[in-house]
Amino acid sequence: MDSSHVAYSPGGLAKLSTLLGAPEAALRLLVSILLGFPVALLHRYTLYGKDPIRQHMFFIACGLSIGYWNYDLNILHSSTAVCATYLILTILGSTGLSVIITLLFNMTYLLYGYYTTSTEDYDIKWTMPQCVLTLRLIGLTFNLWDGQKRDEELSDSQKRVVLKERPSLLEIAAYAYFPGAFLIGPQFSMRRYLDFVDGQLTERDPQTGAVKLPDCVWAGLSRALIGFVYVAVFQIGTLYVSDQYLFEPAFQKKNLIKKLLLVGLWGRINLYKYVSCWLITEGVCITFGLTYNGKDDEGRIKWDGCANVKLRTFETATQMHHYILSFNTNTNNWCAEYIYKRVKFLGSKIYSQIVTLLFLALWHGLHSGYYHCFFMEFVVTYFERDIGPVLKNSEKVQTMLKTRWEARVLAWIFLKLYTFITMGYVLLAFVLLSYPRYNYVHASLYYLGHVFFLSYPLLAPFIKRLLGHRHAGRRSHEE
């Protein structure tokens, strides 16, 4: 397979790409995501709740077809990963060794893809669905390994996704190529997929026991419509604050405060690119009926089983930690379950976080920007975890916030500006990727974020003394 070859789009798509000012590969990806809606409706009215084998074959055919349109024969890299993982599970069984071999094989294969295809820019190539698949297959082997343990050894979250028997090659392939989530996610478990195909994620007719079609189409379309709002904001925003703008004289001539605010705006606009795609794919998964998540207290069905962004938390964030809680939540949850909690033997919450962030950086690619970004995320969250209890236990601060409304307003404005600017500053390396590019922008900001957050551990004792903090003891390593 020639990893540099990508299928070319028809002339109409190329013209639309030029008209919209969007890269053709990105537009093709968006169209491919949207194809999930007619595929979901076709499945809904012809196969939903029927023979699982026919559903598996339908999903494989649709996923492979969409993948071939995007990546030509390079889509077969994913087939190699699926077959190799199945072979490992067949030979080694549901063991800890199969988990290790599967993790090493899939991560190595993904890194091979990054090494052979990466450029200085963000690449929309076969490695994009491959990175989604990598987590999916590793998670599958973990769930099978957990299935060999006693129930009392498992956490509640593990019990929800555990697998007692190895799925067939057909089931694993259908799970891998599920057209609503194959290209960019979201992550979901094999247990959820099998329950969906078996018609367990819906209600049944009380008299006949037949599977009812879930009332999820409008919920899916409305979620996707919100995604299109974010697409529009992103497209308009990049006209004014693009990546290239950060290197232009017009930006470099501005004072530091304006630069920081513009970097915050630039970062926000870039986040909307990811948010929009996740909302649209979530809408597709809802339309399929895959995202059923029980009912709320008022008896209404929840369709948030595959939600990848918590919009309210995201839009009201006043800490970097809020972004982590609300952004790419399925991947974050995956890392928490299969990396962070699995290295608890290290005995330190900080060590577990470092290992998890290193894995995340490696999973994203080989560009130095990923490692720089996650390093900055680590030092920022360390600062927030350390200073948060200090502020809560400070009599001076709490008295001021409780007695003066203007203090509360100013504190809120300060925290919003802090998160707005800090997220943009940290995101520079993630988006610009190469050291010369993100370092150029960081230098124009006088490395302000680096100086502040890296010097905090040295200044912490003085800050705590100034705020009147009383030592409350170290927190334990949480699950």
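Glu152 is exposed, at 61% relative accessibility, where exposed means over 50% relative accessible area, buried under 20% and partly exposed in between, computed with a 1.4 Å probe on protein chains only. Its salt-bridge partner is Arg150, with 3.1 Å from N to O; a salt bridge here is a side-chain nitrogen of Lys or Arg within 4 Å of a carboxyl oxygen of Asp or Glu. Arg150 is exposed as well, with a relative accessible area of 52%.

Before we go on, a word on what you are looking at. This is a predicted model, in which local features need pLDDT of at least 70 and side-chain atom pairs count only at pLDDT 80 or more, while totals for chains, interfaces and linings use all residues. Residues are numbered from 1 along each chain as its sequence is written, and side-chain values use heavy atoms, with hydrogens and water left out.

Let us stay with the charges. Side chains of opposite charge can pair when their charged atoms come close. The structure holds 15 salt bridges by the rule above. One of them joins Lys295 to Glu203, with the closest N and O atoms 2.8 Å apart. This pair links distant parts of the chain, 92 residues apart: Lys295 sits in the loop between α13 (256-288) and α14 (311-315), and Glu203 in the loop between α10 (190-197) and α11 (217-240). Helices are DSSP runs of H or I with at least four residues, strands are runs of E with at least two, and both are numbered from the N terminus. Lys295 is partly exposed at 41%, and Glu203 is partly exposed at 34%.

Another bridge pairs Arg404 with Glu406 at 3.0 Å, N to O. Arg404 is partly exposed, at 45% relative accessibility, and so is Glu406, at 28%. Salt bridges also form a network that connects Asp146, Lys149 and Arg342. Lys149 has a further contact, lying over the face of Trp145 at 4.2 Å from the ring centre. For such a placement, NZ of Lys or CZ of Arg must be within 6 Å of the ring centre and within 35 degrees of the ring normal. Arg136 is placed in this way over Tyr175, at 5.5 Å from the ring centre.

Now to the rings themselves. Across the whole structure, 40 aromatic pairs are found; rings of Phe, Tyr and Trp (its six-membered ring) pair if their centres lie within 6.5 Å, and planes under 30 degrees apart count as stacked, over 60 as edge-to-face and the rest as tilted. Phe59 and Tyr193 make an edge-to-face pair, 6.0 Å centre to centre with 65° between the planes. Phe59 lies in helix α4 (residues 52-71) and Tyr193 in helix α10, so this pair ties together parts that are 134 residues apart in sequence. Phe59 is buried at 0% relative accessibility, and Tyr193 is buried at 0% too. Ring pairs also build a cluster whose members include Tyr230, Trp278, Phe327 and Phe430.

Finally, consider the annotated spans. An unreviewed UniProt entry lists several stretches as "transmembrane region", among them residues 25-47 and 221-241; the positions follow the numbering used here, feature names are shortened, and annotations may be inferred rather than shown by experiment. In the model, residues 25-47 are 91% helix and 0% strand, with the end C-alpha atoms 31 Å apart. Residues 221-241 are 95% helix and 0% strand, and their end C-alpha atoms lie 30 Å apart.
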